[in-house]
Amino acid sequence: MLMLNIHHIGYLVKKMDAAILTFKNLEYRVIQDTIYDDIRKVDICFLEKDGYCIELVSPVSEDSVVAGLLKKYKNCPYHICYETTDFEKDFEALRSEGFMPIDTLTPAPALSDKEVVFMTHAALGMIELIKSD
């Protein structure tokens, strides 16, 4: 049985400042100021409302890992992030359910360098898995 907790919803945005302002107008509050992730070449900001956490992700260059997604899908939610305390077990369980890793376990600067991996499933799209302490 998977022991995953939802950590956040990843939301792809073209203009970070405009997105933050719009979410603030919807009564979200910034819980982590914008951080640059030099591994993925994106700016990231976390907001929260009613116990829900949104991660705004904005590419800063054409070779960002999400630049192509932004061109194709525009501003939109694009992944659900799950946190696990038993990474190896849950990772293998997800693989057995058809989720395929699309990168390797890598530190995430916006998550205090906790390691994350992105996976995709033909029926669901992309998820992110955080290796929790």
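Is Y11 buried, exposed or partly exposed? I looked it up in this predicted model. Y11 comes out partly exposed, at a relative accessible area of 23%.

**Entry 1: aromatic rings**

I went through the rings next. The structure has three aromatic pairs. One of them joins Y11 and F23. I read 5.4 Å from centre to centre and 85 degrees between the planes, so by the over 60 cut-off this pair is edge-to-face. Y11 sits in strand β1, while F23 belongs to helix α1, residues 16–25. The pair therefore ties together parts 12 residues apart in sequence.

I checked how accessible F23 is. F23 is buried, with a relative accessible area of 10%. F23 also pairs with Y28. That pair is edge-to-face too, with 4.9 Å between centres and 85 degrees between planes.

**Entry 2: helix α3**

I then turned to α3, which spans residues 87–96. Which of its residues are buried? I found F87, D90, F91 and L94. They lie on the same side of α3, because they cover an arc of only 105 degrees around the axis. The spacing fits a general rule. An α-helix has 3.6 residues a turn, so residues three or four places apart point the same way.

What do the buried residues of α3 pack against? I listed the strands β1 (4–12), β5 (76–84), β6 (100–101), β8 (114–121) and β9 (125–131). β1 is also the strand that holds Y11. I looked just past the helix as well. G98 follows α3, and its phi is positive, near 100 degrees.

**Entry 3: cysteines**

I searched for disulfides last. A disulfide is a covalent bond between the sulfur atoms of two cysteines. With a cut-off of 2.5 Å between sulfurs, I counted zero disulfides.

I took C45 as one case. C45 is in no disulfide. Its nearest cysteine sulfur is that of C53, 9.4 Å away. C45 counts as buried, at 1% relative accessibility.

C81 is buried, with a relative accessible area of 0%.

Definitions and conventions
Residues are numbered from 1 along each chain as its sequence is written. This is a predicted model: local features need pLDDT of at least 70, side-chain atom pairs count only at pLDDT 80 or more; totals for chains, interfaces and linings use all residues. Side-chain values use heavy atoms; hydrogens and water are left out. Buried means under 20% relative accessible area, exposed over 50%, partly exposed in between (1.4 Å probe, protein chains only). Helices (H or I, at least four residues) and strands (E, at least two) are DSSP runs, numbered from the N terminus. The arc is that of the directions from the helix axis to the C-beta atoms. Contact means heavy atoms within 4.5 Å. Rings of Phe, Tyr and Trp (its six-membered ring) pair if their centres lie within 6.5 Å; planes under 30 degrees apart count as stacked, over 60 as edge-to-face and the rest as tilted.
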